[in-house]
Amino acid sequence: MTDRVIPITDLRAQQRVPVIPADADAPTGLLADSMARPLHDLRISVTDRCNFRCVYCMPKEVFDKDYVFMPQTALLSFEEITRMARIFIDHGVEKIRLTGGEPLLRKNLERLIEMLSRLTTRNGQPLDLTLTTNGSLLAKKAQSLKDAGLKRVTVSLDAIDEAIFRQMNDVDFPVADVLHGIDVAVAVGLAPIKVNMVVKRGMNDAEILPMARHFKGSAAILRFIEYMDVGSSNGWNMAEVVPSADVIARIHAAMPLHPMAANYAGETAGRWRYADGSGEIGVISSVTQAFCSDCSRARLSTEGKLYTCLFATEGHDLRALLRAGHSDAELAAAIGHIWQRRSDRYSDLRTANTDGLPPRANKVEMSYIGG
Ligand code: SAM
Ligand code: SF4
Ligand code: SF4
């Protein structure tokens, strides 16, 4: 299979040093951006490295042996991450997702989880702490992650067919090992487990039904994700997107489905349940039904840059402030200042672009910023 790969310019150096407004009020937990969107959800990338080379995320041709990943000293330490998390919580964050690269590759990640799991939201509730993984190390780590305080995990799995899965991860990783990881995670109580499948037309769309059949009636909730034009290296093309409506139609024809109500306003996944009562599935329609108007997610990159959109071209260098010795109040003021000015709505603009072309080049890579 030949994939188009577009050479990328390295955008990791693009950054703004945040402004610290002198007259900022203390965080109230009610921060809103320029479109009245709150800050509820923080995704923290703990490494930019990965042991997979998924063709839509880290194509081998770009992420090869000469690719320069972040040096250890550039990464935020666990203490720095926890301090940042606390300040984001002061601004209203209630949910933190660890991601990457492959987060389970970060050494002693359990120690970070222990530190984060001790934090509580502004109303004293436990933080919704979760992690997205490719599952390759999950069987080995599920118990220690659970013991450290992790509540649940999301596992990415793009095919149940051995040949297709190996072709997609591009490092010959066997599907059985990921399935075993999911089983162990269920057994130790990391629940509910979600399994995310990115659907790319011509590559794994024939796997929609086999994946649905495999997870129907199991402890895992399968979710189908539309292939997005994240980053600049995957050569994305609208024709390769399988709309969620088609995914639902294909499954419904074989195994009837009913729509379900959302868990909460702004939930990104559309939920459907099997008519025979054997569980539910989800669809994340980031391309065909953009959800920018409800987007309350911030992303903190491996080396401490704040991104206010998955499709950003530039991050705000919070690490520079951290390491220059600024106080929590100053960091909170800087974050508040950035969020209040946020006007990102990239996916809405892409939808409005009727020719289906991405409206922006030079976007930062998914493996760097986290999903
Ligand atoms: N390595 C971990 C994993 O694969 O779960 C965490 C990081 S990965 C970047 C997070 C999620 O982003 C994965 O579920 C992956 O499938 C998804 N992803 C990566 N590139 C994507 C793209 N172009 N469109 C849609 N989802 C994508
Ligand atoms: Fe690695 Fe996850 Fe990207 Fe696949 S999707 S290459 S597992 S970071
Ligand atoms: Fe949020 Fe940006 Fe995605 Fe819109 S495009 S939903 S603003 S991350």
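**Close-up views of a predicted model**

**View 1. Asn-169 is a buried residue, with a relative accessible area of 1%.** The value, like every other in these legends, is computed from a predicted model. Asn-169 belongs to helix α4, which covers residues 162–169. When residues up to four places away in sequence are not counted, Asn-169 touches Phe-52, Arg-53 and Cys-54. Leu-157 is 12 residues from Asn-169 along the chain, and the C-alpha atoms of these two residues are separated by 9.3 Å.

**View 2. Helices α2 and α3 pack with their axes 8 Å apart and at an angle of about 25°.** Helix α2 spans residues 109–117, and helix α3 spans residues 138–148. Because angles under 35 degrees count as roughly parallel, α2 is described as roughly parallel to α3. The crossing of the two helices, α2 and α3, is right-handed. On the α2 side the contact is made by Leu-109, Glu-110, Ile-113, Glu-114 and Ser-117, while α3 contributes Lys-141, Ser-144, Leu-145 and Ala-148. The residues of this contact divide into 4 nonpolar, 2 polar and 3 charged.

**View 3. Helix α3 also packs with helix α5 (residues 175–188), at an angle of about 20° and with the axes 8 Å apart.** Helices α3 and α5 are therefore roughly parallel to each other, and α3 passes α5 in a right-handed crossing. From α3, the residues Leu-138, Ala-139, Ala-142, Gln-143 and Lys-146 meet His-180, Gly-181, Ile-182, Val-184, Ala-185 and Val-188 of α5. By class, the contact of α3 with α5 comprises 7 nonpolar residues, 3 polar residues and 1 charged residue.

**View 4. The shell around ligand 3 draws at least two residues from each of β11 (297–300) and α10 (346–352).** Arg-297, Arg-299, Tyr-346 and Ser-347 are among the residues around ligand 3. Also around ligand 3 are Phe-291, Cys-292, Cys-295, Cys-309, Leu-310, Phe-311, Arg-342 and Asp-344. The class division of this shell is 7 nonpolar, 1 polar and 4 charged residues.

Note on methods: Residues numbered from 1 in each chain as written. Chains lettered and ligands numbered in written order. Predicted model: local features only at pLDDT ≥ 70, side-chain atom pairs only at ≥ 80, totals over all residues. Heavy atoms only, no water. Axes fitted to C-alpha atoms, helices over the stretch in contact; angles between N-to-C directions. Helix = DSSP H or I, 4+ residues; strand = E, 2+ residues; numbered from the N terminus. Parallel < 35°, antiparallel > 145°, perpendicular 65-115°, else oblique. Left-handed = near helix turned anticlockwise from the far one by under 90°. Contact = heavy atoms within 4.5 Å. Nonpolar A, V, L, I, M, F, W, Y, C, P; charged D, E, K, R; others polar. Near = heavy atom within 4 Å. Buried < 20%, exposed > 50% of the residue type's maximum accessible area, 1.4 Å probe, protein only.
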